[in-house]
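Q: Please walk me through the terms used for this model, each set against its cut-offs.

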Amino acid sequence: MRAALLRLRRTTGLPVAFGGLLTDGRQQQLRIGELNGAATGALRGLAICAGNGLGGKSMALSRPCAVTDYPAARHISHEYDAAVASEGLRSVVAVPVVVHRRVRGLLYGALRRPLVLGDRVLDAAVAAARDVEQALAVRDEMQQLLARARPPATDDAVGPRDWETVREVHGELRALAPRITDRALREELLAVCARLAPGPRAPASATGEVSLTPRELDVLGCVASGATNAAAAGRLGLRPETVKAYLRSAMRKLGARTRLEAVVAARRAGVLP
């Protein structure tokens, strides 16, 4: 949300941007949690309910809404006039963040003068909202994958079927990582992937240290799940030739002659579950 608001201000020149994520899906209520360019704290923590004010109307309709002069606007309710007046806002646009047809948040951009907000501003606001939508969709997918597998304490703690689930989830999570534009979220996901790998199954002196690049690990994770080069390329957003090159490089580092040997060696080295 913070990055999206900063982008919105930079691309539009609007002096104020703010927004928040849904806190209660049943009551369709969200709180303004992020402010960018605000002169006061009047908007922070403001609870926006579906149908109320400009943002509430945008939530209820699941589409962008704008007003040229907020205090005088006749087609919105005015529950939040005091906070808006404290910040001195006049022209305001509100854009819903919609993930899987459900409103998950709101982004606002505003001027302190009553001017018509043109298509360029509206398009930029929609683009910023889509950034948040993508981040939320990826986070949802990550959480669903993690719910399917938890890092086992030891090999004896789970059966073969459980390990297959862990390995499948590990590959899907690594394939998901490149789609994440938020650096902190991407690092969080990769840290979870590292936790799913059990660590070396033999002393370092026996296995030798293996230094695989993130992309080599991504490809090996796909191969371990049974994916062909073409399927791995589709999952990772790469060309099949590129996947083949990463695989050859990983095999060379692991001293493997076949795909299967590479997967087995990676698991022994503790870089794959």
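Q: In which hand does H8 pass H9?
A: The crossing of H8 past H9 is right-handed. A crossing is right-handed if the near helix is turned clockwise from the far one by less than a right angle, and left-handed if anticlockwise. The model is predicted: local features need pLDDT of at least 70, side-chain atom pairs pLDDT 80 or more, while totals for chains, interfaces and linings use all residues. Residues are numbered from 1 along each chain as its sequence is written, and side-chain values use heavy atoms, without hydrogens and water.

Q: Why is H8 called oblique to H9?
A: Helix H8 (residues 214-224) and helix H9 (residues 229-236) pack at about 125 degrees, axes 9 Å apart. Axes are lines fitted to C-alpha atoms, for helices over the stretch in contact, and angles run from 0 to 180 degrees between N-to-C directions. Under 35 degrees is roughly parallel, over 145 roughly antiparallel, 65 to 115 roughly perpendicular, and the rest oblique. Therefore H8 is oblique to H9.

Q: Which residues make the contact of H8 with H9?
A: Arg215, Asp218, Val219 and Cys222 of H8 meet Ala232, Arg235 and Leu236 of H9. Contact means heavy atoms within 4.5 Å.

Q: What makes H8 roughly perpendicular to H10?
A: H8 and helix H10 (residues 240-254) pack at about 95 degrees, with axes 9 Å apart. So H8 counts as roughly perpendicular to H10.

Q: Why is the aromatic pair of Phe18 and Tyr108 called stacked?
A: A search of the whole structure finds one aromatic pair. In that pair, Phe18 and Tyr108 lie 4.4 Å centre to centre, with 10 degrees between the planes. Rings of Phe, Tyr and Trp (its six-membered ring) pair if their centres lie within 6.5 Å; planes under 30 degrees apart are stacked, over 60 edge-to-face, the rest tilted. So the pair is stacked.

Q: Phe18 and Tyr108: buried or exposed?
A: Phe18 is buried, and so is Tyr108. Buried means under 20% relative accessible area, exposed over 50%, partly exposed in between (1.4 Å probe, protein chains only).

Methods: Helices (H or I, at least four residues) and strands (E, at least two) are DSSP runs, numbered from the N terminus.
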